[in-house]
Amino acid sequence: MKSVAVAVVVVLAMVQLIAEPAQAITCGQVDAALASCVPYLTQGGEPGAACCSGVKSLKGMAATTDERRTVCNCVKAAANRYSNLKDDAAQALSSKCGVTMDVPVSRTINCDT
């Protein structure tokens with residue numbers, strides 16, 4: 001009987017580890033991922049390798065609709081902090097990095113749609 005109880009506890013512990021919910025995405029994580037893109041977004045030119053790496057990691061963070069909405073709101077807030085953000089550079093960022101993003105860098109995007 002003890003071995004059955006121990007087995008049940010072990011199985012429950014394993015299920016807890018497997019089913020642990022993912023950590024929520026924060027704007028700090030989004031800001032960190034895009035920080036190296038600020039020179040490109042404000043001055044133009046070409047995004048650097050670190051910027052594109054951040055864009056790719058950002059895409060990987062946003063797997064669900066709720067996560068994409070969170071990322072969208074964070075990106076929108078970040079874009080609005082830079083009055084000198086070049087809209088054409090922002091719109092071209094994902095394609096210049098070779099990434100298809102569900103969340104564009106935009107000051108005016110409606111993140112609820």
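Tutor: Contact means heavy atoms within 4.5 Å. This is a predicted model, where local features need pLDDT of at least 70, side-chain atom pairs count only at pLDDT 80 or more, and totals for chains, interfaces and linings use all residues. Residues are numbered from 1 along each chain as its sequence is written, and side-chain values use heavy atoms, without hydrogens and water.

Student: Of the contacts between residues at least 6 apart in sequence, what percentage join residues at least 24 apart?

Tutor: Take the contacts in the protein chain whose partners are at least 6 apart in sequence. The share of these that join residues at least 24 apart is 78%.

Student: Which order do the elements follow from the N terminus?

Tutor: The chain has 6 helices and 0 strands (DSSP runs: H or I of at least four residues, E of at least two). From the N terminus, the order is therefore α-α-α-α-α-α.

Student: Leaving out residues up to four places away in sequence, which residues does Val 55 touch?

Tutor: With residues up to four places away not counted, Val 55 touches Ala 33, Leu 34, Cys 37, Leu 93, Cys 97, Val 99 and Met 101.
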